[in-house]
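The entries below follow the order in which I looked things up.

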Amino acid sequence: MSSILLVTSSPRAGASISTRLATKLAERFAASRPGTKITCRDLIAAPLPHIDGDFLGGLFSSEGERSALQQTLVDVSDQAVEELLAADTIVIGAGMINFSIPSALKSWFDYVARAGKTFRYAETGPEGLVKGRSVYVVLASKGVYTKGGPIAPMDHARPYLKTMLGFLGMDDVEFIDVEGVGLGLEPDEDILGRAENRLDLLTDRVLAV
Ligand SMILES: Cc1cc2nc3c(=O)[nH]c(=O)nc-3n(C[C@H](O)[C@H](O)[C@H](O)COP(=O)(O)O)c2cc1C
């Protein structure tokens, strides 16, 4: 491990479970491998704008033809793509919002999904180009979706994350689920304690390699 990209996206600032645990995991990975660099992409402190006509127009024109705004937006995307490609480990913090991922994180995917850079269309279909990375997603939700039951199909965060990461070539994805905090079905300390244990196990595993 030499370069970690930490992507955080919860709008809940200091109250965020996913931001706290994802940051902790990235820092623990870094501490276990001296010389590791963490690049932080805080999508709340520095939100990416929704993609729009200027961005798309910029993508489909060559460098000299772009307006200043188009060029700025393409530069934003290029930088996000460079950060992603430079990382061998990606740690994402996401809290479920209205049964999906935070819109800030959706925007990030919209900027890093770039034909020819992070995916391409091969003869056999789409091929992700961000291969060989280890991805860890801390996914926090108030509801409990991973145990089945009537609300399980309402989770559009995990399937979307798996699809999008896979589309870009990232198949080695581990979810650290933190479900049910504040729900009252189980003491919050137990849920958070389990998540902390999971971080311990993941850090030990990285240390053992
Ligand atoms: C605006 C908003 C919408 C939410 N929508 C859902 C939801 O659809 N399903 C759910 O299980 N939890 C939902 N929650 C609860 C959050 O997923 C939960 O608080 C989680 O811990 C958020 O992640 P964070 O702690 O990293 O901010 C919502 C919270 C907020 C603030």
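**Entry 1: helices α4 and α5.** I began with handedness: the crossing of α4 and α5 is left-handed (the near helix is turned anticlockwise from the far one by less than a right angle; clockwise would be right-handed). The model is a predicted one, in which local features need pLDDT of at least 70 and side-chain atom pairs count only at pLDDT 80 or more, while totals for chains, interfaces and linings use all residues. Residues are numbered from 1 along each chain as its sequence is written, and side-chain values use heavy atoms, with hydrogens and water left out.

I took helices (H or I, at least four residues) and strands (E, at least two) as DSSP runs numbered from the N terminus. The axes of α4 (residues 103–112) and α5 (residues 157–167) come within 11 Å and cross at roughly 15°; axes are lines fitted to C-alpha atoms, for helices over the stretch in contact, with angles from 0 to 180 degrees between N-to-C directions. The two helices are therefore roughly parallel (under 35 degrees; over 145 is roughly antiparallel, 65 to 115 roughly perpendicular and the rest oblique).

I then listed the contact (heavy atoms within 4.5 Å): Leu105, Lys106 and Phe109 in α4 meet Tyr160, Leu161, Met164 and Leu165 in α5.

**Entry 2: the sheet.** Which order do the strands of the open sheet have? I read β2-β1-β3-β6-β7, five strands with parallel pairing (strands pair if DSSP finds at least two bridges between them). The edge strands, each pairing on one side only, are β2 (37–42) and β7 (173–179). Neighbouring strands are turned by 15° against each other on average, direction ignored.

Within this sheet I looked up β3 (residues 89–95) and β6 (residues 134–141), which pair in the parallel sense over seven bridges. Ala94 has Leu139 in β6 as its bridge partner.

**Entry 3: helices on the sheet.** Helix α3 (residues 68–86) lies across β1 (3–8), β2 and β3, at about 145° to β2. Helix α6 (residues 188–208) packs on the sheet and touches β6 and β7, its direction making about 160° with that of β7.

**Entry 4: helices α1 and α6.** The axes of α1 (residues 17–32) and α6 come within 10 Å and cross at roughly 25°. That makes α1 roughly parallel to α6. The crossing is right-handed. Among the contact residues I noted Arg20, Lys24 and Arg28 of α1 and Glu196 and Asp200 of α6.

**Entry 5: the hairpin.** Strands β4 (residues 119–122) and β5 (residues 125–128) pair in the antiparallel sense over four bridges. A hairpin joins them through two residues, and Ala122 has Gly125 in β5 as its bridge partner.
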